[in-house]
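I opened the notebook to record what I looked up, entry by entry. The structure comes first, then the notes.

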Amino acid sequence: MATSGAGDLRIAGVTKTFESFTAVDDIDLDIPRGSFFALLGPSGCGKTTTLRMVAGLDAPTRGSILIGDRDITTLKPHQRNVNTVFQSYALFPHLDVLDNVAFGLRRRGDKDWKTKTHEALELVQLGHISGKKPAQLSGGMQQRVALARALVNRPDVLLLDEPLGALDLKLRRQMQIELKRIQSEVGLTFVHVTHDQEEAMTMADSIAVMNAGKVEQLGDCATLYEHPTSAFVANFLGQSNLLKVAILGSADDGLVPAATHGTALSISAEHLPPGATEVWLGVRPEKLHLGVGGGPNRLEGMVTDASFTGVATQYLVRMPWGQELTVTQPNDGSGRARVGDNVTLSWSPRQGFILPASEAADAGTEVEGG
Amino acid sequence: MAEAVLRAPRRETPSAAVRHVRRNWVPYLLLAPGLIWLLIFFAVPTLSLASQSLQTGDVDNGFVLTWHWQTYTDALSSYWSQLLRSLVYAGVATLLTLLFGYPLAWFIAHRSGRWKNFLLVLVIAPFFTSFLIRTLAWQTILGDSGLLVDLTQLTHTTFLLDGFKAVLRALGLIANDQLLFSPFAVISGLTYNFLPFMVLPLYANLERLDLRLTEAAADLYASPLETFRRVIWPLSLPGVVAGTLLTFIPATGDYINSVLLGSTQTTMIGQVIDGQFLRVLDYPTAAALSFVLMALIISVVVVYVRRAGTEELV
């Protein structure tokens with residue numbers, strides 16, 4: 001059963017509207033079998049609705065969902081070989097841990113349910129509490145029961161709906177590593193919905209960043225981080241400094257002369273749209289160096305804030321035109337700046353990314369705080 | 001006393017010991033009205049009833065406590081059939097209220113949207129008229145020229161009514177062609193009158209049921225029927241137990257339905273007790289029957305609650 005229908009999960013042209021509100025707007029996703037895939041986005045972006053449509057709990061308004069060659073769009077949830085780890089866990093309060101985990105296997109009449117259930121409980125390291133009721137367990141334990149209850153069925157696709165949202169930070173880190181370990185151990189397709197970019201990047205092989213019902217960008221973590229294609233992705237995944245840059249010439253040895261607010265820079269020609277005269281140049285805070293050691297691109301400014309975060313210190317540096325740039329310096333013993341100091345920022349031309357000038361520079365920033 | 005308790009915080013802080021004593025008193029003080037009420041209106045009458053059941057004598061010459069246990073065996077041998085009938089009628093009516101009430105409570109709790117409060121008011125609306133009037137209304141519904149007959153004639157569905165009657169006759173719930181004054185009429189009356197007592201506790205329970213659990217069950221390969229059997233029903237058991245008890249216990253002792261809708265063939269134990277107390281004036285027999293009824297109900301309830309196993313539920 002677990003292998004017969006298995007294959008890539010394909011979401012083809014799926015749209016979901018609730019009355020006048022379009023929650024998911026014509027998205028296409030191909031999720032390879034056995035991969036750990038994350039749907040990342042702010043709340044209300046349609047990621048949970050997408051997940052519920054794969055589970056069969058909501059029906060798409062248009063489009064189809066396939067596993068391998070099998071169209072599952074119209075199948076009822078109990079007819080799909082797909083299981084979900086719910087955000088609320090949704091453990092059955094009247095059943096003990098063993099019966100909760102065995103629920104799916106017994107509904108399918110699996111003769112071997114006892115052995116499989118015990119194996120699943122061992123996998124999540126809960127073999128010793130199989131007789132307890134969910135209410136007697138801590139949040140972390142409930143989370144692992146919910147995971148075991150879904151995993152034990154060896155579904156074609158395992159869906160995780162913000163499964164770590166209710167856990168405290170330390171436990172969350174621990175569970176992220178554990179989830180990743182379990183996924184590579186059992187080799188199932190995991191689709192993980194989260195609004196936490198760090199969580200998505202820690203675990204997922206590839207990420208689809210969603211915004212307002214659409215997929216903004218799809219790719220592996222490094223690509224999304226180093227080469228975001230929209231201001232929303234640039235701001236939602238980590239922090240970005242976006243500088244308005246005028247293109248002053250043509251490429252020479254892969255570099256293009258440019259200027260921002262009267263300061264000459266050179267930028268990589270690689271992702272530059274042909275014929276562009278003005279673009280956004282994005283530079284991540286950790287790519288900027290205090291001092292001149294970072295590369296030929298230099299900007300002068302004054303430190304307005306410095307906050308020590310342990311492994312690094314984060315500075316805000318005000319440019320002569322008023323914009324404040326964020327700079328992250330590792331605490332590796334190099335010199336530190338104080339508030340009020342005039343500093344030079346430098347970076348290498350290849351460590352930036354280009355966005356079209358038409359993008360709104362603050363897209364995706366207001367949701368980052370949440 | 002109450003005033004002193006209220007004013008206490010405004011005075012200088014009393015010593016810890018004084019405060020401790022005062023706090024210990026408060027629960028008893030709050031319990032007192034209820035306890036006194038129970039003592040006067042339950043414990044004392046129960047004891048006097050117990051004593052009455054073991055007395056001999058008559059109304060004119062007075063009763064004397066003679067520990068005459070034979071009253072119990074005599075009463076049981078004369079009226080066992082009415083006792084049994086009461087339990088059966090109440091049991092059937094309870095099952096029917098559950099059958100009608102469960103879907104209704106589910107609908108109100110999860111499917112009624114903005115009509116929820118309106119529907120709840122409708123459920124308790126019958127309480128705005130008296131029990132007696134509501135039961136009498138069933139005479140005009142089930143009568144030979146009553147609403148039911150009129151309605152079937154109007155809609156040319158008399159054959160449906162005839163079929164229904166044939167089924168009832170086969171089940172022994174009506175004797176001839178008459179719907180009224182039959183076991184069917186009594187059970188219908190009981191079912192109707194006690195339906196709100198089933199619906200309200202079920203509603204309170206089902207309304208709290210987290211629908212995400214039914215989604216989880218569906219996600220774990222449970223068909224809608226299996227979801228009901230494995231998740232919804234077990235979680236609703238406390239509501240089912242509360243509803244069935246609130247229906248079964250008063251229905252067993254009820255006699256209005258049997259008096260107004262039944263015949264001499266449908267006499268329930270409440271009718272017998274009423275007659276013995278108020279017409280025959282055989283107080284010991286009436287008291288003994290009351291005690292037997294109480295004992296029967298308590299044992300049925302204890303076995304039932306044990307079997308339902310609700311103490312295991314959260």
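**Entry 1: confidence**

I noted at the start that this is a predicted model. I looked up the overall scores and found ipTM 0.84 and pTM 0.83.

For chain B, the mean pLDDT is 89, and 91% of the residues reach 70 or more. I found pLDDT under 50 over residues 1-11 of chain B, where the model has four contacts beyond four places in sequence.

**Entry 2: where the chains touch**

How many residues of chain A are in contact with chain B? I found 18 residues of chain A in contact with 16 residues of chain B. On the chain A side, strand E6 (82-85) and helix H2 (97-107) each supply at least two residues. H2(A) gives the largest share of that side, with three residues. I sorted the chain A side by class and got nine nonpolar, six polar and three charged residues.

**Entry 3: the six-stranded sheet of chain A**

I traced an open sheet of six strands in chain A, in the order E6-E7-E8-E3-E9-E10, and its pairing is mixed. Why is one side of E6 and of E10 left without a neighbour in the sheet? E6(A) and strand E10 (214-220) of chain A stand at the edges and each has a single partner strand, so one side of each has no neighbour there. On average, neighbouring strands of this sheet are turned by 20 degrees against each other, direction ignored.

Strand E9 (residues 206-211) of chain A runs antiparallel to E10(A), and six bridges join the two. In this pair, Met210(A) stands opposite Val215(A).

I found strand E1 (residues 9-18) of chain A joined to strand E4 (residues 62-67) of chain A by five bridges, in the antiparallel sense. Arg10(A) stands opposite Leu66(A) in E4(A).

E4(A) also pairs with strand E5 (residues 70-71) of chain A, antiparallel and over two bridges. Here Leu66(A) stands opposite Asp71(A) in E5(A). The hairpin of E4(A) and E5(A) has two residues between the strands, and Gly68(A) takes a positive phi near 65 degrees.

**Entry 4: the five-stranded sheet of chain A**

I traced an open sheet of five strands in chain A, with the order E15-E19-E16-E17-E18 and antiparallel pairing. Which strands are at its edges? They are strand E15 (289-290) and strand E18 (324-330) of chain A, each of which pairs on one side only. E15(A) is joined by two bridges to strand E19 (residues 342-347) of chain A, and the two run antiparallel. His289(A) stands opposite Ser346(A) in E19(A).

**Entry 5: helices H3 and H8 of chain B**

I turned to chain B and looked up how helix H3 (residues 70-110) lies against H8(B). Their axes come within 6 Å and cross at roughly 40 degrees. That angle makes H3(B) oblique to H8(B). The crossing of H3(B) and H8(B) is right-handed. By class, I recorded 23 nonpolar, three polar and one charged residues in this contact.

**Entry 6: helices H5 and H8 of chain B**

I repeated the check for helix H5 (residues 131-142) and helix H8 (residues 183-208) of chain B. They pack at an angle of about 135 degrees, with axes 10 Å apart. H5(B) is therefore oblique to H8(B). The crossing of H5(B) and H8(B) is right-handed.

Which residues of H5(B) meet H8(B)? I listed Phe131(B), Arg134(B), Thr135(B), Trp138(B) and Leu142(B) from H5(B). In H8(B), they meet Ala185(B), Ser188(B), Gly189(B), Tyr192(B) and Asn193(B). By class, the contact of H5(B) with H8(B) has five nonpolar, four polar and one charged residues.

How values were computed:
Residues are numbered from 1 along each chain as its sequence is written. Chains are lettered from A and ligands numbered from 1 in the order in which they are written. This is a predicted model: local features need pLDDT of at least 70, side-chain atom pairs count only at pLDDT 80 or more; totals for chains, interfaces and linings use all residues. Axes are lines fitted to C-alpha atoms, for helices over the stretch in contact, and angles run from 0 to 180 degrees between N-to-C directions. Helices (H or I, at least four residues) and strands (E, at least two) are DSSP runs, numbered from the N terminus. Angles under 35 degrees count as roughly parallel, over 145 as roughly antiparallel, 65 to 115 as roughly perpendicular and the rest as oblique. A crossing is left-handed if the near helix is turned anticlockwise from the far one by less than a right angle, and right-handed if clockwise. Two residues are in contact if their C-beta atoms, placed from the backbone, lie within 7 Å. Ala, Val, Leu, Ile, Met, Phe, Trp, Tyr, Cys and Pro count as nonpolar, Asp, Glu, Lys and Arg as charged, and the others, Gly among them, as polar. Two strands pair if DSSP finds at least two bridges between them. pLDDT is the predictor's confidence in each residue, from 0 to 100.
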